[in-house]
Amino acid sequence: MSNIDRRTLVRGSLAAMMAGAAISRGAVADTSEPILLGVSGPLTGPNAQYGTQWKQGFDLALDEILAAGGINGRKLAYHFEDSQSDPRQSVAIAQKFVSDPRIVMELGDFSSPASMAASPIYQRAGLVQFGFTNSHPDFTKGGDFMWSTSVSQADEQPLLASYAVKRLGLKKLAVLHLNTDWGRTSRDYFINAAKEYGAEIAVTEGYIAEERDFRSTLVRVRDSNPDGLVLISYYSDGALIARQARQVGLKQVICAASSVYSPKFLELGGDAVEDVHVGTRYFPEDPRPEVQKFIAGFKKKYAGLEPDAFNAYAYDAMNMAAAVVKIGGTDRRAIRDAFAKVKDVSSVIFGTATFDVESRRVKGAMNAELVVRKGQFALWDGKPT
Amino acid sequence: MSSWLDYTINGLIVGNVYALVAVGLALIFGVSRLINFAQGSIYLVGAYIGWVAVVQLHTPLPLTIILVAVTSAIVGLVIERFGLRPLQNSVRIAPLLATIGISFVLDQLVMLTFSPNPRALPSQLPDVRFQIGGGTIGPLDLLIAGVGLTSALLLFVFLRYSKLGWAVRATAQDRDAAMQMGVDVNRVNQAVFGIAAALGGVSGLLVGMYYNQIDTAMSLQATLKGVVAEVVGGAGNVPGAVIGSLLLGLVESYGVAVFGTSYRNLFAFLLLVLVLVLRPNGLFASARQAPPEPLTGTFIAPSRPVRIPRWALLAAAAAFAILPLLPVSFYVLQTLINAWLLGMLALSLTLVAGTIGQVSLGHAALLAIGAYTSALLSLTFAVPVGLAVIGAGLMSAALGTLLISPSFRLRGHYVSIATLAIGEIVSLVILNWESVTRGPIGISGIPPLSLFGHELISPTSIYWFSFGVMVVLALLQGRLLGSHLGRSFRAIRDDDIAARAYGLSLNRYKALAFIFGGFAAGVSGGIAAHLYSYINHETFNTQQSILALTVVILGGLGNVVGAIVGSVALVGLPEVFRIAAEYRILIYGIVLLLLVRFRPQGLLGTM
């Protein structure tokens, strides 16, 4: 089929799009054209920052994939559609992707409402929706075309609880969490694990994403007399809470979920995030080669910028997509089946990632116990703060 | 007990922060009777100019403040001159839409220039902390309080004792009379916008330093809280805005103290509704003050609607009905499905806002009520989906009317603010009422649409279904407008005193309009729930309410066909501009502004 000329190909794809993708997809494949992934995510709107971070991670991974010879000689590329994390737009994008024969797989969306509203469309059309930041426990229950490398909170939170309770010896915890599906699910897993390890939960407070003022919340925390604060937060709100906690005179140990792991957390938090403990999936001095390659490559490509957790998720996701496409080729169903076949894909977050076919998620995230020392994330040396 | 002292201090501190925005809003409202939705964007611009000054130019604090104030004032003057002045003789509602468009444009410009990543904005004041109660305050708290109080005081003196200040107040009281007395109204407006923008910019700078964090999402939140504080204090009353802000801060802080953090905004908006119902002019309005809105309905000026011949409508309806049979992509169909769903919401809003004059800014709440009703009926009680969607309409009609009824006695902008608050309250109740709504986890696995046992799964069948429902609702609404009831609605909109004199019971008619409108919105929400299969409290947010209002104004208030044309336009435009990637919302904002500028009565005119 490599002798189909370009004009025929374009006309063919247009016709296929017009007819609603009824035409067989294999017929328009051409080895000179890149293999195209569709990305649905926020580039404008309130979550725009995460879409930009995705792009950074994707682009780095794609550079490396191309340098290593691409996918059996073909280039891998993505087409990013801005959804503003709005379900109304993500469903339209989903229809666009499923009826575009060039798209072999979809990545995203960012928020659960946007991703899960589009899931029925991807499932019915038979296009894989690879929701690599979708930790909502029901995301992969949308169907056998929904796969996720988002670290399951059932995995991550016990690790954080073990850091806080077993390693730091905290016995009475105040939990502050983002009141979203992610924050709420995480909180429940955290509390269960912490209780199992013998800690007591003094108070839990859920806050909305737009919140900036936490002083009154922190008075409630203070009155409950905890010996440690646990933040199930993103980096911007996590930094705000840490700052205000110090301002209202709370001196307790602060322990935060991996989602705060970002140079922005240090920049926004300043002195207040000194000695904050963070359970993460990787850290800069991690000797693992995949981590060193990722960090060095990222700094080189982005003028010395330190990568953060969302960059890493996107980087891993693109590498996973490449591994899957290598096995599955460009047929959408074969790609779905390839997810079950990929083994031990090198991953910053998991070390090596292999899907659990039942849950369509990856288990066994890596664990690193970090602490902020002198304005930098460092491996915790076991000394109390 | 010492905790209560801490809660009080914290409430005052955050109230202090709100006051900076509220004062600017109050000033503009006082003169132009306009809720300036762009105030939050000027605040954003100020914060980022401050970042450039502090981080890149290393200016000392006084110079930073002057730089930010001057640049923001220039932005304000540009907005006034090019965005709002051309609209001063058009419909009263056009400037409101223009400020929404301006805020889109400004927010996007900032985002494109500085990237959406949050940035640290370090405070330039020495880091000294003073112990008060259990916590500490820093010099920035004092500076913010100082700026807030000083500006309120200066404005008070300016308005009361300077000649330009008198001109401002005269203009506020009666624009035409002021012009007859030789007041240069344009100069007054310029002065007000300049001052308010300077204040807005400086507040963005200070608040950014206070949290050591600025990001492009801060603008809408600032506007929301500022509007609440301003209205609580009495719209257009500058010292009232300061006291209103402090009160808002206190109520939020005590709300957190008693019920916990997730109830915080619930209390802010309940306070607002309570104040509006009990003292619609705000807590600090004097009894002598003239009513804040005109007695007769100049808020929505009648215009001549564009007459579309019946055959053209029929032809358009037929063309859209057979569209799925033509070779169009599912993407186009899905986009039009979104347009039809928005169209149902717009029909609802154009009835209550356009026909009876209750401009609602919380209409997404009706969608949410419908969506949750339909989802829960079909999931928990196994009601067939077709019936559940009708149930959604009925529930939205009943509950929506009940919730909005306290605002029936309000007029003009106050209705908008009350409905905005009610919309937020509904969303927060959904978030917190976990036993029913499953809170932030949301409801997943909602069954797809089905009719008489046949599942509607293909985009084609969903298209026909939603198009059909919308057409039926539109026809019903067209019948309604032509009936005696429709004429009564318009009589209330145009002159409620005259309408009352003719024996119309205002509340009853407003309730009827909301029942009909609530049904349409509820059905739209219900269908959306089954389409998405997953909903949570974020699915139907404030942006949806603002979008719906934009559609309605764009199409022409009260105009049934206009609502549908507007929906297709506003769903379609951002999709058409997809090619422009990050720039598409910017282009959308500019197109919106141009439409308001050249067709302020809407594409098809007010009916």
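Select Lys293(A) and Glu64(A) to begin: their side chains meet in a salt bridge at 3.6 Å, N to O, the term meaning a side-chain nitrogen of Lys or Arg within 4 Å of a carboxyl oxygen of Asp or Glu. Because Lys293(A) lies in helix H10 (residues 289–301) of chain A and Glu64(A) in helix H2 (residues 48–67) of chain A, the pair ties together parts that are 229 residues apart in sequence; helices (H or I, at least four residues) and strands (E, at least two) are DSSP runs, numbered from the N terminus. This is a predicted model, in which local features need pLDDT of at least 70 and side-chain atom pairs count only at pLDDT 80 or more, while totals for chains, interfaces and linings use all residues. Residues are numbered from 1 along each chain as its sequence is written, chains are lettered from A and ligands numbered from 1 in the order in which they are written, and side-chain values use heavy atoms, with hydrogens and water left out.

Next, select Arg578(B) and Glu81(A), which form a salt bridge with the closest N and O atoms 3.2 Å apart. The pair crosses between chains, from the loop between helix H23 (560–576) and helix H24 (584–598) of chain B to strand E2 (residues 76–82) of chain A. Arg578(B) is buried at 7% relative accessibility and Glu81(A) is buried at 4%, where buried means under 20% relative accessible area, exposed over 50%, and partly exposed in between (1.4 Å probe, protein chains only).

Then move to Arg167(A) and Glu369(A), whose side chains meet in a salt bridge at 2.6 Å, N to O. Arg167(A) is partly exposed at 46% relative accessible area, whereas Glu369(A) is buried at 13%.
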